[in-house]
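Work through the exercises below with the sequence and the coordinates open. Each task is followed by a solution in steps.

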Amino acid sequence: MSVRIGVLASGQGSNLQAILDACADGRIPGKVEIVISDRKKAYALERAERAGVKPVFISPRKFRDRIEYDGKLIEALAEARVDLVCLAGFMRILSEAFVNRFYGRCLNIHPALLPSFPGLHAQRQAFDYGVKVAGCTVHFVDSGVDTGPIIAQKAVPVLEGDTPDTLADRILEKEHVAYPEAIRLFAEGRLVLEGRRVAILPEP
Ligand code: GRF
């Protein structure tokens, strides 16, 4: 099966790039069909264009509230007939309607080992707390902030001499591996949601 992917991104889009690259070289059996951003200048939109993927800017200013905005997101994703939505640095909290519509078909990547350090500036939160092992998490999206069922995690040791920035850079490298791997599992139909737990079926 070739999975049709929609990516939502607000920023530089390095995770988007990792997904595009993995689709191009066959690590992900699928294709990014649409990239949507809530920021006009997001570099993610440029990356999409370069890869020949439709870039779509949807300005939050044009909508009365989150429900209306997310309605427009749903419309664009439905039009692109996506099977899977990947949040990649999308800086908006999604409405209940959006989450319900895509439950089990919407993934996010977070730069911490959840459930520790949800929310913003997770790498700095972990660094300031003094953890010795940081990392990243790919999870299904539910209605909480970074609370959905966990698909994959990768650990990153905190080194002497690290700063929040050097740590964040090493976490990001792992994100670029973890996200395509998780998407591949989804595309292969190997992720089974069992309440909070995600079972991973063996390779066929
Ligand atoms: C990543 O650290 C991701 O974990 C978080 O937002 C950042 C996005 O980076 N959700 P990029 O735009 O993919 O480079």
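**Exercise 1. The largest pocket**

What is the volume of the largest pocket?

Solution. Start with the ground rules. This is a predicted model, where local features need pLDDT of at least 70, side-chain atom pairs count only at pLDDT 80 or more, and totals for chains, interfaces and linings use all residues. Residues are numbered from 1 along each chain as its sequence is written, and side-chain values use heavy atoms, with hydrogens and water left out.

Step 1. The volume is about 1100 Å³. A pocket here is an open set of points on a 1 Å grid over the protein atoms alone, where a 1.4 Å probe fits, with protein on both sides within 12 Å along at least five of seven lines. The volume is the space filled by probe spheres set on the points, which are joined across faces, edges and corners.

Step 2. List the lining (residues with an atom within 4 Å of a point). It holds 40 residues, and Gly89, Met91, Ile109, Pro111 and Leu120 lie nearest the pocket centre.

Step 3. Assign the lining to elements. Helices (H or I, at least four residues) and strands (E, at least two) are DSSP runs, numbered from the N terminus. Helix 1 (14-24), strand 5 (106-110), helix 5 (122-129) and helix 6 each supply at least two lining residues. Helix 6 gives the largest share, six residues.

**Exercise 2. The sheet**

Give the strand order, then locate the edges.

Solution. Step 1. Two strands pair if DSSP finds at least two bridges between them. Seven strands form an open, mixed sheet, ordered 3-2-1-4-5-6-7.

Step 2. Strand 3 (54-57) and strand 7 (150-157) are the edges, each pairing on one side only. On average, neighbouring strands are turned by 20° against each other, direction ignored. Axes for such angles are lines fitted to C-alpha atoms, for helices over the stretch in contact; angles run from 0 to 180 degrees between N-to-C directions.

Step 3. Check two pairs. Strand 1 (residues 3-8) runs parallel to strand 2 (residues 30-37) over six bridges. There, valine 3 has glycine 30 as its bridge partner, and isoleucine 5 stands opposite valine 32. Strand 4 (residues 84-87) and strand 5 are also parallel, joined by three bridges; valine 85 is partnered with cysteine 106.

**Exercise 3. Burial and cores**

Which faces of strand 5 are covered?

Solution. Step 1. Buried means under 20% relative accessible area, exposed over 50%, partly exposed in between (1.4 Å probe, protein chains only). Both faces are covered: Cys106, Asn108 and His110 are buried on one side, Leu107 and Ile109 on the other. Five of the five residues are buried, so strand 5 is largely enclosed by the rest of the structure.

Step 2. Find the core. A nonpolar core is a set of buried Ala, Val, Leu, Ile, Met, Phe, Trp, Tyr and Cys residues joined through side-chain atoms within 4.5 Å. The largest has 44 residues; Ile5, Val7, Ile19, Val32, Tyr179 and Ile183 touch the most other members. Helix 6 (residues 164-187) gives the most, nine residues. Apart from this core lies another of 21 residues, including Val56 and Tyr69.

**Exercise 4. A loop residue**

Is valine 141 buried or exposed?

Solution. Step 1. Valine 141 sits in the loop between strand 6 (133-140) and strand 7. This residue is buried, with a relative accessible area of 9%.

Step 2. Beyond neighbours within four places in sequence, valine 141 contacts (heavy atoms within 4.5 Å) Leu87, Val99, Tyr103, Cys106, Leu107 and Asn108.
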